[in-house]
Amino acid sequence: MEINAYVLGDHVEMKKKHPCGSFEWEIIRLGADIKIKCCGCGHIVMLQRAKFNKQIKKVVKEEK
Ligand SMILES: [Zn+2]
C-alpha cells in the first residue's frame, strides 16, 4: 500500500480505534507534522509523519 498517497482533506482509517468508536480521521494539516481530526467525536491529534505512516491503515477515498 502507498502510505504517502494522501492529501489534505482526505479521510484515513487508523489501525487503532479511537475511544469514541471511530476508525476514521480527516487530515486537517499536512506538513512535517500531521494533524488529524476524529470523524466520530471531533478530537484533534498531531502526529509526526513517520508515526502517522505507521498508524494509518488505509486512505478512505470518497469517489463521486
Ligand atoms: Zn473520536
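**Labels and their cut-offs**

Biologist: How do you know that strand β3 (residues 33–38) and β4 pair?

Modeller: Five bridges join β3 and β4 in the antiparallel sense. Two strands count as paired if DSSP finds at least two bridges between them, so β3 and β4 qualify.

Biologist: What do the numbering and the confidence values rest on?

Modeller: Residues are numbered from 1 along each chain as its sequence is written. The model is predicted: local features need pLDDT of at least 70 and side-chain atom pairs count only at pLDDT 80 or more, while totals for chains, interfaces and linings use all residues.

Biologist: What makes a stretch of this chain a helix or a strand?

Modeller: Both are DSSP runs numbered from the N terminus: helices are H or I over at least four residues, strands are E over at least two.

Biologist: What places V12 between two other strands?

Modeller: V12 has W25 as its bridge partner in β2 and stands opposite V59 in β5. Strand β1 (residues 11–14) pairs antiparallel with β2 (residues 24–30) over three bridges, and with β5 over four. Not counting residues up to four places away in sequence, V12 touches Y6, W25, I27, I56, V59 and V60; a contact means C-beta atoms, placed from the backbone, within 7 Å.

Biologist: Why is the group holding V12 called a nonpolar core?

Modeller: The term means a set of buried Ala, Val, Leu, Ile, Met, Phe, Trp, Tyr and Cys residues joined through C-beta atoms within 7 Å. The largest such set has seven residues: Y6, V12, W25, I34, I36, F52 and I56. Of the 64 residues of the chain, 11% count as buried.

Biologist: Why is R49 called partly exposed?

Modeller: A residue is buried with 20 or more other C-beta atoms within 10 Å of its own, exposed with 12 or fewer, and partly exposed in between; the C-beta atoms are placed from the backbone. R49 has 14 such neighbours, so it falls in between. R49 is found in helix α1 (residues 49–55). Leaving aside neighbours within four places in sequence, R49 is in contact with A32, D33 and I34. Its C-alpha atom is 6.0 Å from that of A32, 17 residues apart along the chain.

Biologist: And what makes P19 exposed?

Modeller: P19 has 10 C-beta neighbours inside 10 Å, and is therefore exposed under the limit of 12 or fewer. P19 lies in the loop between β1 and β2.

Definitions and conventions: Contact = placed C-beta atoms within 7 Å.
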